[in-house]
Amino acid sequence: MNQAIEILIIEDEPGHREALVEALEREGYAVSAAADGHDGLERFARSDPYVVVTDLKLGGSIDGMEVLERVLADRRTCEVVMITAHGSVDNCKEALRKGAYDYIEKPIDLDLLRVVVKRAAEKVRLARENRRLHDRLDEKFG
């Protein structure tokens with residue numbers, strides 16, 4: 001079921017990135033990963049992920065908040081889950097106000113990650129199916 005569901009991970013710490021990828025691949029998702037915000041946004045532009053999981057603090061010029069803003073500015077249906085260290089919870093609350101689906105604190109509970117990603121992906125799946133049905137109705141009935 002999860003085979004067609006793409007997840008994009010943007011995490012600059014290699015160990016964390018590998019753990020996130022492995023945890024979500026075990027659930028059957030098609031997972032791609034990026035080490036910084038710039039690469040992550042390029043991957044986003046070339047694919048159609050249901051969920052982007054991004055660290056708030058990323059090495060490089062593009063941080064997780066900018067990733068959130070640029071993903072949500074895109075017209076596609078996609079949810080963003082933020083990852084943060086405990087000291088940045090206020091920033092993640094700001095991200096929620098800007099439209100993030102949820103946030104997860106480090107150290108990451110992989111079971112919680114799986115649950116949050118599953119809920120976010122299901123929301124996107126339903127929204128995309130709704131859009132397809134509306135488009136078909138518009139084609140048929142004008």
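Visitor: How many helices and strands does the chain have?
Guide: In this predicted model, the secondary structure comes to five helices and five strands.

Visitor: And in what order do the elements run from the N terminus?
Guide: They go β-α-β-α-β-α-β-α-β-α.

Visitor: OK, how compact is the chain for its 142 residues?
Guide: Its radius of gyration is 15 Å, close to the 14 Å that the globule rule gives for 142 residues, so the chain is as compact as a globular protein of that length. Along the principal axes, the C-alpha trace spans about 55 × 30 × 25 Å.

Visitor: Let's talk about the sheet. What is the strand order?
Guide: The order is β2-β1-β3-β4-β5, in an open sheet of five strands with parallel pairing.

Visitor: Which are the edge strands?
Guide: Those are β2 (30-34) and β5 (102-105), and each of them pairs on one side only. From one strand to the next, the twist averages 20°.

Visitor: How many bridges join β4 to β5?
Guide: Four bridges link β5 to β4 (residues 79-84), and the two strands run parallel.

Visitor: Nice. Which helix packs there, touching β4 and β5?
Guide: That is α4 (residues 89-98), which packs on the sheet with its direction at about 165° to that of β5.

Visitor: And which strands does α2 lie across?
Guide: Helix α2 (residues 37-46) lies across β1 (6-10), β2 and β3 (51-55). Relative to β2, α2 runs at about 145°.

Visitor: Switching to helix pairs: at what angle do α3 and α4 pack?
Guide: The angle is about 5°, and the axes of α3 (residues 64-73) and α4 are 11 Å apart. That makes the two helices roughly parallel.

Visitor: Which residues make that contact?
Guide: On α3 they are Met65, Leu68, Glu69 and Leu72, and on α4 they are Asn91, Glu94, Ala95 and Lys98. By class, the contact of α3 with α4 has four nonpolar, one polar and three charged residues.

Visitor: What about α2 and α3, how do their axes cross?
Guide: They come within 10 Å of each other and cross at roughly 15°, so α2 and α3 are roughly parallel. The crossing is right-handed.

Visitor: Who meets whom between α2 and α3?
Guide: Gly37, Leu41 and Phe44 from α2 meet Val67, Arg70 and Val71 from α3. The classes in this contact of α2 with α3 are four nonpolar, one polar and one charged.

Visitor: Now α1 and α5: are they parallel or oblique to each other?
Guide: The axes of α1 (residues 14-25) and α5 (residues 110-141) cross at roughly 60° and come within 10 Å. Helices α1 and α5 are therefore oblique to each other. The crossing of α1 and α5 is right-handed.

Visitor: Which residues are involved where α1 and α5 meet?
Guide: Ala19, Leu20, Ala23 and Leu24 of α1 meet Leu110, Leu113, Arg114 and Val117 of α5. This contact of α1 with α5 has seven nonpolar, no polar and one charged residues.

Visitor: One last thing: where is the cis peptide bond?
Guide: The cis bond joins Lys106 and Pro107, with omega about -5°. As for its place in the fold, Pro107 lies in the loop between β5 and α5.

Key: Residues numbered from 1 in each chain as written. Predicted model: local features only at pLDDT ≥ 70, side-chain atom pairs only at ≥ 80, totals over all residues. Heavy atoms only, no water. Axes fitted to C-alpha atoms, helices over the stretch in contact; angles between N-to-C directions. Parallel < 35°, antiparallel > 145°, perpendicular 65-115°, else oblique. Left-handed = near helix turned anticlockwise from the far one by under 90°. Contact = heavy atoms within 4.5 Å. Nonpolar A, V, L, I, M, F, W, Y, C, P; charged D, E, K, R; others polar. Pairing = 2+ DSSP bridges. Rg over C-alpha atoms; globule rule 2.2 N^0.38 Å.
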